[in-house]
Number of protein chains: 2
Amino acid sequence: MKRGLLIVLSGPSGVGKGTVCRSLQARMPGLRLSVSATTRQPRPGEIDGRDYYFISDAQFQRLLAEGAFLEWARVHGCHYGTLKDKVAEVLASGSDLLLEIDIQGAEQVRRLMPEAVTIFMAPPSMAALEQRIIGRGTEDAQKIRQRLETARQEMKAYRSYEYLVVNDEVEATAALLASIIQSEKCRVSRGARPPLQEVNEV
Amino acid sequence: MKRGLLIVLSGPSGVGKGTVCRSLQARMPGLRLSVSATTRQPRPGEIDGRDYYFISDAQFQRLLAEGAFLEWARVHGCHYGTLKDKVAEVLASGSDLLLEIDIQGAEQVRRLMPEAVTIFMAPPSMAALEQRIIGRGTEDAQKIRQRLETARQEMKAYRSYEYLVVNDEVEATAALLASIIQSEKCRVSRGARPPLQEVNEV
């Protein structure tokens with residue numbers, strides 16, 4: 001069984017990662033989206049176990065102490081983390097796994113699993129990002145300002161990623177992500193080989 | 001003007017590079033296919049200046065002495081070469097350029113232009129390759145044997161390429177090449193950047 005590919009997707013809050021990921025998964029049904037554990041409150045429509053594992057601060061601290069997280073981060077005052085055993089399980093099954101995580105988390109994954117494909121998603125402009133955050137309608141004015149300031153800081157981190165995609169239009173961005181994943185699978189350095197028969201014959 | 005991407009495509013004779021390239025160009029009209037100079041005789045349907053620049057041995061030797069070739073190779077007793085100034089011109093204009101060249105030529109390009117994206121195209125099986133060479137109907141039995149033996153040797157070279165694609169079906173292979181080109185354009189190491197406005201604002 002060929003091991004699956006680990007893909008890390010980051011980008012400022014409100015850039016549209018979630019929407020693009022859903023479109024990407026429709027294009028690549030074999031792709032699994034990682035479900036993070038978080039201590040933040042569910043937003044309207046979010047379902048436990050599908051969007052996140054919503055856990056308490058105490059549960060998070062216990063898992064952290066056990067070394068159970070591949071990566072974790074504190075964002076906007078809440079904790080987010082990816083459980084190591086969930087990641088290992090999916091990759092071992094041969095499925096590709098996409099982690100939608102923040103730049104601190106991506107840095108940790110890069111260290112522990114340098115084979116991960118890292119992608120940064122940028123908005124077409126800061127004005128567009130602001131509109132998206134306001135349009136979401138789930139944040140108060142102070143949180144919006146906080147998110148925008150964080151976004152400005154986070155934008156600088158794109159340099160640490162292998163790929164940069166600009167989310168101008170959801171379907172085009174999803175197609176681009178699919179292209180990146182498919183082309184990474186063709187990399188000789190990732191084990192792409194001619195079909196077995198040729199290798200044997202050669 | 002952003003410089004175009006140089007893409008090198010190699011693979012054994014008969015693997016279907018030409019057919020895939022035509023399909024690729026239909027998908028990516030901005031992509032330019034490099035036209036090589038060659039001393040071999042035109043095959044039926046091949047047009048001078050479109051498929052190759054058909055030149056004499058004397059002309060080839062003169063250009064070689066002038067250092068005019070980015071790469072050149074002797075294959076099946078004939079010479080093939082890519083003219084440096086043609087490549088430079090296309091890339092400077094911002095267009096991507098695909099070089100369909102043999103493994104000796106790819107090695108030279110890799111040395112002179114390490115930024116080139118290198119792709120090796122393999123057949124789904126040696127039997128399939130043999131069928132395609134026979135089916136072409138333009139070669140006598142001795143030439144077919146010669147090409148197959150060369151192909152077996154050439155298959156080993158895939159390890160020196162960044163990407164391996166298996167040409168099972170023309171359209172799928174062309175789509176994969178398009179994915180590789182599009183994803184390479186998103187590489188931060190190749191200069192992918194967030195739109196100017198953000199860079200300035202950040």
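Guide: Welcome! The radius of gyration is taken here over C-alpha atoms, and the rule for a globule is 2.2 Å times the number of residues to the power 0.38. Please keep in mind that the model is predicted.

Visitor: What radius of gyration does chain A have, beside that of a compact globule?
Guide: For 202 residues, a compact globule would come out near 17 Å. The C-alpha trace of chain A spans about 65 × 40 × 30 Å along its principal axes.

Visitor: How many helices and strands does chain A have?
Guide: Let's count the elements of chain A before looking at how they are arranged. Chain A has 8 helices and 9 strands.

Visitor: Which strands stand at the edges of the sheet of 4 strands in chain A?
Guide: This open sheet has mixed pairing and the order 4-3-6-5. Neighbouring strands in it are turned by 25° against each other on average, direction ignored. Each edge strand has a single partner strand, so one side of each is left without a neighbour in the sheet; these are strand 4 (52-54) and strand 5 (69-75) of chain A.

Visitor: Which residue is the bridge partner of A:Thr38 in strand 6 of chain A?
Guide: Strands of a sheet pair through backbone hydrogen bonds, either parallel or antiparallel. Strand 3 (residues 36-38) and strand 6 (residues 78-83) of chain A pair in the antiparallel sense, over 2 bridges. In strand 6 of chain A, A:Thr38 has as its bridge partner A:Tyr80.

Visitor: What angle does helix 3 of chain A make with strand 6 of chain A?
Guide: Helix 3 of chain A covers residues 84-92 and lies across strand 5 and strand 6 of chain A. Its direction makes an angle with strand 6 of chain A of about 35°.

Visitor: Over in chain B, which are the edge strands of the open sheet of 5 strands?
Guide: That sheet has parallel pairing, with the order 2-7-1-8-9. Strand 2 of chain B pairs with strand 7 (residues 97-100) of chain B over 2 bridges, and B:Arg32 has B:Leu97 as its bridge partner in strand 7. The edge strands, each pairing on one side only, are strand 2 (32-33) and strand 9 (163-166) of chain B.

Visitor: At what angle does helix 1 of chain B run to strand 7 of chain B?
Guide: Helix 1 (residues 17-27) of chain B lies across strand 1 (6-10), strand 2, strand 7 and strand 8 (117-122) of chain B. Helix 4 (residues 103-112) of chain B lies across strand 1, strand 7 and strand 8 of chain B, at about 155° to strand 1. For helix 1 against strand 7 of chain B, the angle is about 170°.

Visitor: Which element gives the largest share of the side of chain A that touches chain B?
Guide: In this interface, 31 residues of chain A are in contact with 31 residues of chain B. Elements giving two or more residues to the side of chain A are helix 6 (141-155), strand 9 (163-166), helix 7 and helix 8 (196-201) of chain A. By class, that side has 18 nonpolar, 5 polar and 8 charged residues. The largest share, 5 residues, comes from helix 7 of chain A.

Visitor: At what angle do helix 7 of chain A and helix 7 of chain B pack?
Guide: Both helices cover residues 170-185, and their axes are 8 Å apart. Residues making the contact include A:Leu176 and A:Ile180 on one helix and B:Leu176 and B:Ile180 on the other. The contact has 4 nonpolar, 6 polar and no charged residues. The packing angle is about 105°.

Visitor: Which residue of chain A comes closest to the rotation axis?
Guide: Chain A is superposed on chain B by a rotation of 180° with 0.0 Å of shift along its axis (RMSD 0.0 Å). The two copies are thus related as by a two-fold rotation axis. They meet through the same surface, because 100% of the interface residues of chain A are also interface residues in chain B. At 2.2 Å (C-alpha), the residue of chain A closest to the axis is A:Ser179.

Definitions and conventions:
Residues are numbered from 1 along each chain as its sequence is written. Chains are lettered from A and ligands numbered from 1 in the order in which they are written. This is a predicted model: local features need pLDDT of at least 70, side-chain atom pairs count only at pLDDT 80 or more; totals for chains, interfaces and linings use all residues. Two strands pair if DSSP finds at least two bridges between them. Two residues are in contact if their C-beta atoms, placed from the backbone, lie within 7 Å. Axes are lines fitted to C-alpha atoms, for helices over the stretch in contact, and angles run from 0 to 180 degrees between N-to-C directions. Ala, Val, Leu, Ile, Met, Phe, Trp, Tyr, Cys and Pro count as nonpolar, Asp, Glu, Lys and Arg as charged, and the others, Gly among them, as polar. Copies are superposed by least squares on the C-alpha atoms of residues with pLDDT of at least 70 in both.
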